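The following paragraphs lead the reader through a single structure, step by step. Please keep the sequence and the model in view while reading.

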Amino acid sequence: MTSDISMSQIATYRVQTVLKDGTAIHIRALRASDEADMLAAIARTGPQSLQSRFFVLKRHFSEKERAFFMDVDFSNHVALAARAEEQGRYAIIGGGRYVIVEPGRAEMAFVVVDAWQGRGVGSLLLRHLTDIAREQGVRELTAEVLSDNRPMRSVFAKAGFKPARSDDPRTVRLSLAL
């Protein structure tokens with residue numbers, strides 16, 4: 001299937017948008033130069049939020065994990081960063097990604113810094129990633145969410161994701177046909 005957005009266009013993806021409270025944010029493709037800012041965002045994210053994202057209490061990342069998160073090819077692995085002004089400079093306040101797990105199907109994941117949760121950052125990242133995935137010919141998006149993570153389950157539900165079978169009773173698998 002041919003796409004309307006090329007890899008290079010996704011790699012330079014950038015939009016300015018506003019949160020539901022009117023705060024301006026930028027959503028753009030994750031860059032290799034974002035690693036320090038991404039790690040700083042993780043440091044500003046609470047243990048409960050990190051456990052909701054990684055399913056284990058996570059504070060530090062191995063070199064292999066860091067390489068995975070930063071080695072985005074904008075074909076099989078697409079990642080966006082949400083940035084906003086904090087204390088006079090732009091900082092990463094959240095991020096989302098999808099990874100192709102089999103032809104036509106990708107798994108998504110998100111994390112939003114605690115101070116920015118509940119303001120629509122995750123919903124905006126989800127919408128932009130879904131649009132990119134659709135343009136790239138992805139036919140299904142999935143996500144694994146901890147059963148007790150009601151806020152993220154709500155974000156996915158509002159975007160049209162439906163519950164699917166999960167092998168793990170602690171998680172809910174959500175799916176969206178594109």
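Which residues do ring pairs link into a cluster? The cluster consists of Phe110, Phe156 and Phe161. The model is a predicted one, in which local features need pLDDT of at least 70, side-chain atom pairs count only at pLDDT 80 or more, and totals for chains, interfaces and linings use all residues. Residues are numbered from 1 along each chain as its sequence is written, and side-chain values use heavy atoms, with hydrogens and water left out.

Rings of Phe, Tyr and Trp (its six-membered ring) pair if their centres lie within 6.5 Å; planes under 30 degrees apart count as stacked, over 60 as edge-to-face and the rest as tilted. By this rule there are two aromatic pairs. Phe156 and Phe161 form an edge-to-face pair, with 4.8 Å from centre to centre and 65° between the planes. Both Phe156 and Phe161 are buried, a term that denotes under 20% relative accessible area, with exposed meaning over 50% and partly exposed in between (1.4 Å probe, protein chains only).

Helices (H or I, at least four residues) and strands (E, at least two) are DSSP runs, numbered from the N terminus. Phe110, in strand 5, is the bridge partner of Gly96. Strand 5 (residues 105-112) is largely enclosed by the rest of the structure, because seven of its eight residues are buried.

Two strands pair if DSSP finds at least two bridges between them. Strand 4 (residues 89-102) pairs with strand 5 in the antiparallel sense over eight bridges. These two strands form a hairpin with two residues between them, and Gly104 in the turn has a positive phi of about 85°. Strand 5 also pairs with strand 6 (residues 140-146), here in the parallel sense over three bridges. From strand 5 the chain crosses through helix 5 (residues 121-135) to strand 6, a right-handed β-α-β crossover; right-handed means that, with the strands pointing away from the viewer, the path from the first strand over the helix to the second runs clockwise.

Helix 2 remains to be described. Its buried residues are Asp37, Met38, Ala41 and Ile42. They lie on the same side of helix 2, because they cover an arc of only 145° around the axis, the arc being that of the directions from the helix axis to the C-beta atoms. The face turned away from the buried side of helix 2 carries the exposed residues Ala36 and Ala43. Ala43 belongs to helix 2 (residues 35-43) and counts as exposed because its relative accessibility is 57%. The C-alpha atoms of Ala43 and Val113 are separated by 8.8 Å, although these residues are 70 residues apart along the chain.
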